Amino acid sequence: MTLEIVCPAGTPAALRAAVKAGAHTIYCGFADETNARNFPGLNFGRAEMAEGIAFAHARGSKVLVAINTYPRAGAEHLWHAAIADAETAGADAVILADIGLLAFAAEHHPGLRRHLSVQAAAANSDIINFYADTFDVKRVVLPRVLSVPEIAAINAEIDVETEVFVFGGLCVMAEGRCSLSSYATGESPNMNGVCSPASHVKYSEEPDGLAARLGGYTIHKVGRDEPAPYPTLCKGCFTAGDKTSHTFEDPTSLNAEQLIPQLAKAGVTALKIEGRQRSRSYVAQVVRNFRAAVDAVAEGRPLPAGMLARLSEGQSGTTGAYKKTWR
Amino acid sequence: MDLTIGPNQFFWDADTWAGFYGEMADSAALRVVLGELVCSKRLPFYQDRIPAAVETLLDAGKTVALTSLALVTLKRERKLTADLGAMGVPVEINDLTALSHVPDGAEFWVGPLVNVYNEGTFRWLASRGATRICLPPELPLSSVQVLAALGAELGVAVEVWGFGRLPLAISGRCYHARLHGRTKDNCQFACEDDPDGLSVVTTDGQPFLAMNGVQTLSDSTASLVRKVEELRDAGVSALRLSPQTGAFGSVVAAYRGVLDGSVSPDDAARVLAALAPGGRLSDGFLTGARGADWSGVAV
């Protein structure tokens with residue numbers, strides 16, 4: 001069976017580009033705080049969502065709507081409306097993280113398929129079975145804390161599908177369990193759908209290089225001729241003890257394309273690409289590469305090698321937690 | 001309003017660990033949550049001391065609960081989580097995995113590492129048997145007000161993070177091990193050298209975070225000592241104090257003094273800043289522009 005490619009779309013143009021490039025499935029969100037990529041100028045209005053879904057369906061692709069932030073107390077109606085509107089627009093599933101929202105969707109929209117977002121960080125078979133039994137979740141996006149053998153062990157003990165990230169930005173912390181960003185800036189993935197927001201980034205030219213600060217904290221400083229990666233908090237350079245280093249993670253991004261055969265053997269259903277904030281040409285290129293790779297694996301051919309390295313953030317890729325030594 | 005001692009986040013040797021709970025038995029806190037929250041590899045070093053500590057605390061009239069791990073991935077961690085109920089005290093779930101093992105209708109508590117951001121989740125947990133919920137430290141006062149009011153309506157006690165370095169993130173990766181060029185499986189317990197966490201400072205020398213094995217904490221010690229009035233008005237019933245080394249009895253006493261009105265919040269803040277690792281306090285998640293902010297005078 002061919003692995004399903006689940007591809008990001010931050011705009012209707014990116015959605016169309018991804019469909020044309022061969023994405024089996026697209027995921028996207030509404031243009032508000034209900035989704036975890038709540039960036040200025042991104043995401044879909046209600047009419048755009050319906051049109052995008054119709055475009056995808058006409059070409060045999062599916063569309064998943066991510067409603068994966070944690071609803072704000074006193075404002076849950078915004079998230080409830082997003083679920084209703086996703087169903088009306090014809091979404092193939094919604095991707096949810098919050099328990100209250102899962103319970104709401106199961107009760108009020110029983111016919112709308114539910115996926116568990118990576119933001120719920122369901123990291124073992126007990127909790128996955130619990131979500132399946134309690135909220136009839138059909139697919140779980142696994143957090144980026146698991147090795148490939150652990151993913152295989154989980155799949156052996158559950159009946160629902162699993163989806164794993166294979167390319168793009170890499171959360172170093174368990175997803176949905178991190179408030180580093182709001183500690184420094186007041187805005188977080190869980191509450192606002194943003195991490196290390198650009199509105200709180202300041203660059204300054206200093207004698208020893210270009211400093212990038214987030215909420216006033218220096219995340220890194222680079223020399224004049226060095227590449228300056230975006231100052232994502234957990235990929236900064238800090239001092240701990242007597243060591244100055246990338247304390248949590250290097251400025252790298254996930255590239256697990258070489259692990260596709262192992263992930264297929266581990267029983268994974270779908271491969272997810274991060275990057276709803278990326279351009280449509282990036283999205284199209286990544287989709288084409290991954291589609292070629294999963295088709296090759298399905299037909300027993302060798303993988304096309306190393307095509308995506310230059311698209312990676314900071315020019316370096318990691319396989320992250322999929323290899324146990326990452327820990 | 002009263003006081004809860006949260007589970008120790010750090011790796012302490014067994015004697016220090018047991019000594020701490022002996023001291024807490026004589027403290028002004030009404031309840032204590034203990035057990036391993038952060039890393040299952042630490043547990044064997046003090047696991048056999050837990051029953052005696054529970055007994056000491058119960059004998060002293062405290063209410064006691066046992067915490068789950070914050071992140072459950074390994075087989076032995078799943079077994080550990082499934083067995084938590086055997087101790088005969090309520091389980092505080094800090095990962096929903098623990099909830100999957102709570103028998104239907106049995107009482108449980110919810111810790112600050114479970115994402116309770118809104119009424120829907122709060123109601124759902126209450127319907128499953130939650131009797132006490134400590135809200136995530138990230139929540140602003142406006143959310144705390146809504147949820148504490150709901151707690152009053154449903155008969156669920158609502159707590160907030162009152163004191164301690166903030167648990168900002170949990171990871172599959174051990175940062176103490178990484179710092180020493182090791183992996184988590186071969187960590188050699190590097191975190192033991194930092195019983196309040198290891199400071200993470202920016203390259204400009206600004207204190208920022210603290211590492212604690214797989215956990216990342218704030219550098220500042222959160223303290224809601226200056227927010228007691230707002231929290232009481234909202235209907236919050238307890239402040240959670242997170243253990244650290246040093247004179248923790250004095251921390252508990254400072255909070256009890258503020259709750260009783262015998263110590264002013266600013267006087268208590270001075271005492272707490274002197275006891276906090278690094279001496280910096282914050283209360284910005286509740287009322288500030290960002291978590292690291294402090295509403296009082298700089299100390």
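Biologist: How many residues of domain 1 of chain A are in contact with residues of domain 2 of chain A?

Modeller: Keep in mind that this is a predicted model. Chain A splits into domain 1 (4–170 + 252–326) and domain 2 (180–245). Contact here asks for heavy atoms within 4.5 Å. On the domain 2 side eight residues take part, and on the domain 1 side the count is twelve.

Biologist: What area do domain 1 of chain A and domain 2 of chain A bury between them?

Modeller: Taken over C-alpha atoms, the centres of the two domains of chain A are 27 Å apart. Carbon and sulfur atoms hold 45% of the area buried between these domains, and that area is about 800 Å².

Biologist: And how many salt bridges does the rule find across that interface?

Modeller: To count, a side-chain nitrogen of Lys or Arg has to be within 4 Å of a carboxyl oxygen of Asp or Glu. Across the interface of domain 1 and domain 2 of chain A, the number found is zero.

Biologist: How much space lies in the largest pocket, and which residues are closest to its centre?

Modeller: The space comes to about 1,000 Å³. Of the 47 lining residues, the closest to the centre are R37(A), F39(A), C195(A), E274(A) and Q277(A).

Biologist: Where does the largest pocket lie?

Modeller: Look at who supplies the lining: α7 (180–185) and α8 (189–192) of chain A are the elements that give two or more residues. Domain 1 and domain 2 of chain A both give residues to that lining, so the pocket lies between domain 1 and domain 2.

Biologist: How many residues of that lining are charged?

Modeller: Sort the lining residues by kind and you get 23 nonpolar and 14 polar. The charged ones number ten.

Conventions: Residues are numbered from 1 along each chain as its sequence is written. Chains are lettered from A and ligands numbered from 1 in the order in which they are written. This is a predicted model: local features need pLDDT of at least 70, side-chain atom pairs count only at pLDDT 80 or more; totals for chains, interfaces and linings use all residues. Side-chain values use heavy atoms; hydrogens and water are left out. On a 1 Å grid over the protein atoms alone, a cavity is a set of points where a 1.4 Å probe fits but cannot get out, and a pocket is an open set with protein on both sides within 12 Å along at least five of seven lines; lining residues have an atom within 4 Å of a point. Grid points are joined across faces, edges and corners, and a volume is the space filled by probe spheres set on the points. Helices (H or I, at least four residues) and strands (E, at least two) are DSSP runs, numbered from the N terminus. Ala, Val, Leu, Ile, Met, Phe, Trp, Tyr, Cys and Pro count as nonpolar, Asp, Glu, Lys and Arg as charged, and the others, Gly among them, as polar. Domain bounds come from an automatic or database domain assignment. Buried area is the accessible area (1.4 Å probe) that two parts lose on being put together, summed over both.
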